[in-house]
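Let us read a structure together, taking one feature at a time.

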Amino acid sequence: KSWFWCSAVYKDAGVNRPILGGSKAFPYPRRGRTGRKPSNKDSKYESRLCILNISIYCPRDEKFIRMKFSDFMAFSVKSLSQVLPPEIKGRCDKMPNEFDSFEDVLHIYKGYKKQPVDPNSLSSSGGLELFKEIFRSDCEMPFKYPKPDVIQVDELAWRSDEEYAREMLAGVNPAAICLLQEFPPTSKLDPEVYGDHTSSITKEHIEKNLNGLTITEALEKKKLFILDHHEEIIPYLNRINSTSSKCYATRTVLILQEDGTLKPLAIELSLVHPDGEIHGAVNKVITPSQEGVEGSIWQLAKAYAAVNDSGCHQLISHWLYTHAVIEPFIIATNRQLSVFHPIYKLLQPHFRDMMNINALGRLLLVSEGGAIERFVFPAKYAMEFSSLAYKQWVFTDSALPEDLIKRGIAVRDPSKPHGLRLLIEDYPLAVGGLEVWSAIDDWVREYCSIYYSTDELVHCDIELQSWWEELRTQGHGDLKDEAWWPKMQTLEELTQSCTTIIWLASVYHAAVNFGQYPYADAFFLKTISSQFTALLGMSLIEILSRHSADEIYLGQSEYPDYWTRDATALEAFKKFGEKFKEVENKITEMDTDGKLKNRLGPVKVPYTLLCPYNLPSFPVGFTGRGIPNSASI
């Protein structure tokens with residue numbers, strides 16, 4: 001097969017971007033070949049395509065089908081065309097390239113009302129896809145942005161502290177919040193390089209809002225939580241702030257209240273000490289206020305914390321932890337496993353279209369000068385910033401139960417469903433996610449047991465062992481010596497590894513991708529972004545948040561009758577699909593339970609991102625629900 005490994009290179013010669021992959025300084029998952037010749041300037045680097053040339057190399061059987069490609073192009077043109085009217089208007093008003101008021105922001109959505117759409121009206125035929133997408137039948141107006149779900153009911157509810165905190169559990173980056181286990185928060189940064197980074201948040205800042213508890217009592221009762229974007233940002237903060245981007249490192253401390261919601265207690269904004277990194281940080285602690293200058297400062301502090309969360313979401317939670325880390329699995333699977341191998345048949349549906357979308361992403365999004373560098377706070381340091389996060393990546397911790405335990409959100413408890421007790425019981429990602437994880441785990445365990453009735457069969461499968469060896473030593477070669485890698489000697493290791501791969505490629509990706517526009521990942525950022533940057537950023541997340549017409553969802557098969565001739569495997573897969581219908585019903589029922597305040601929040605947007613299937617009346621575009629088999633956008 002025409003697959004081979006190469007370093008993850010995202011630049012042309014002569015520009016100050018490091019090679020990612022192949023070094024201790026900048027480790028990175030390997031990617032597929034590009035077919036591009038070496039640069040004439042420096043043979044260590046690849047020549048670059050024009051950003052308008054989307055004729056990227058991708059193995060033939062991994063390319064988009066015509067319908068997928070047509071949808072992608074139509075969505076892109078439609079979304080980008082929306083930038084023009086407000087930008088032209090904005091160039092002529094009293095504050096060029098800035099939103100003059102909040103009414104200016106709302107005007108770009110004016111007139112949009114979501115209506116059911118006939119799926120046949122968007123089918124790809126006759127070369128009319130672009131026309132049909134721009135002039136849609138579902139009341140999306142041409143050259144107007146769809147109104148994000150978070151401002152459909154109440155245009156100001158997103159500004160509330162309750163919604164700000166709720167989206168840490170049920171927003172676009174819901175797997176970053178952790179239990180606060182010591183106070184004040186401390187740092188793991190090397191003090192010989194970065195000095196002392198102990199937080200400046202004191203009991204005087206927060207104890208008045210602890211609902212009668214002392215800090216010691218709140219810690220003992222496991223009531224305090226933190227969204228910490230201090231550790232990963234500080235090493236790059238001076239470099240980021242030397243560009244046109246400006247940001248702070250942030251820590252947000254919250255308390256879990258009796259009704260199950262979170263309340264923010266303080267936000268710490270940090271800059272590197274002016275005398276140098278070795279002297280630590282200069283911190284400013286902002287506490288909640290609703291009126292006057294203090295209220296405005298508090299809103300701005302939340303905006304800076306949201307900027308950090310948005311950048312870490314896009315670069316790490318989304319790009320790195322789904323697209324980038326899964327690509328080596330795709331390549332190793334195609335190189336080492338026969339198409340008749342049972343593990344190939346199990347995993348291949350979850351790799352659909354990912355090589356193609358990753359290649360497009362490297363051309364348009366994460367390349368030097370691409371969209372991510374323009375819209376995300378690390379600017380030209382964006383990709384090496386994600387390399388720093390890859391150093392800390394642990395494959396086995398990507399399993400949902402292990403992730404929840406590692407973040408202190410859950411503890412093992414055999415008496416509870418799924419063997420875990422959640423410290424935040426109304427945690428939509430965790431509650432729905434564990435239902436989905438369990439269904440996948442049961443399916444993978446039953447399927448693998450058909451072909452591997454003993455551990456010996458796993459150990460003696462030469463193809464399987466070659467697959468895992470290449471994946472570990474080449475695909476993730478920069479981390480090949482880490483002790484956490486499964487040895488792939490037992491059925492349990494095989495089952496857990498395959499379940500984790502499927503989780504990352506499908507469920508986790510759905511959770512961090514398809515809510516970007518409905519939850520308006522860029523909406524809050526307009527307070528500190530130029531109009532043009534905000535509009536382009538909105539167009540980008542609109543493209544990423546849409547389902548295509550050819551989507552295949554978890555529990556479904558592209559070839560339901562002949563992906564295997566094994567009747568036992570077909571019956572197990574049928575049970576898997578039926579289980580997902582039960583999961584769908586459970587999630588729908590929870591969304592209507594008024595006691596679960598984190599499912600809707602002040603914005604009245606139900607958390608449906610982990611509903612396995614899409615709604616028949618909204619088959620494409622924005623649905624805010626549905627778990628595709630693969631990270632194909």
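The dialogue below goes through ring pairs, a charge over rings, and backbone features.

Q: What kind of model is this, and how are residues numbered?
A: This is a predicted model, in which local features need pLDDT of at least 70 and side-chain atom pairs count only at pLDDT 80 or more, while totals for chains, interfaces and linings use all residues. Residues are numbered from 1 along each chain as its sequence is written, and side-chain values use heavy atoms, with hydrogens and water left out.

Q: How many aromatic pairs does a search of the whole structure find?
A: A pair of aromatic rings is described by the distance of the centres and the angle of the planes. Rings of Phe, Tyr and Trp (its six-membered ring) pair if their centres lie within 6.5 Å, and planes under 30 degrees apart count as stacked, over 60 as edge-to-face and the rest as tilted. The search of the whole structure finds 26 aromatic pairs. One of them is the tilted pair of Trp 467 and Trp 468, at 5.5 Å centre to centre with 55° between the planes.

Q: Is Trp 467 buried or exposed?
A: Buried means under 20% relative accessible area, exposed over 50%, and partly exposed in between (1.4 Å probe, protein chains only). Trp 467 has a relative accessible area of 0% and is therefore buried, and Trp 468 counts as buried at 3%.

Q: Which aromatic pair is edge-to-face?
A: Phe 576 and Phe 580 form such a pair, with 4.8 Å centre to centre and 65° between the planes. Helices (H or I, at least four residues) and strands (E, at least two) are DSSP runs, numbered from the N terminus. Because Phe 576 and Phe 580 are 4 residues apart in helix H21 (residues 567-591), about one helical turn separates them; both residues are buried.

Q: Where does the charged end of Arg 239 sit?
A: A charge sits over a ring if NZ of Lys or CZ of Arg is within 6 Å of the ring centre and within 35 degrees of the ring normal. Arg 239 lies over the face of Tyr 236, at 4.1 Å from the ring centre, and its charged end also sits over the ring of Tyr 381, 6.0 Å from the centre.

Q: Which residues does a cis peptide bond join?
A: Phe 183 and Pro 184 are joined by a cis peptide bond with omega of about -5°, and Pro 184 is placed in the loop between strand E1 (178-179) and helix H6 (191-194).
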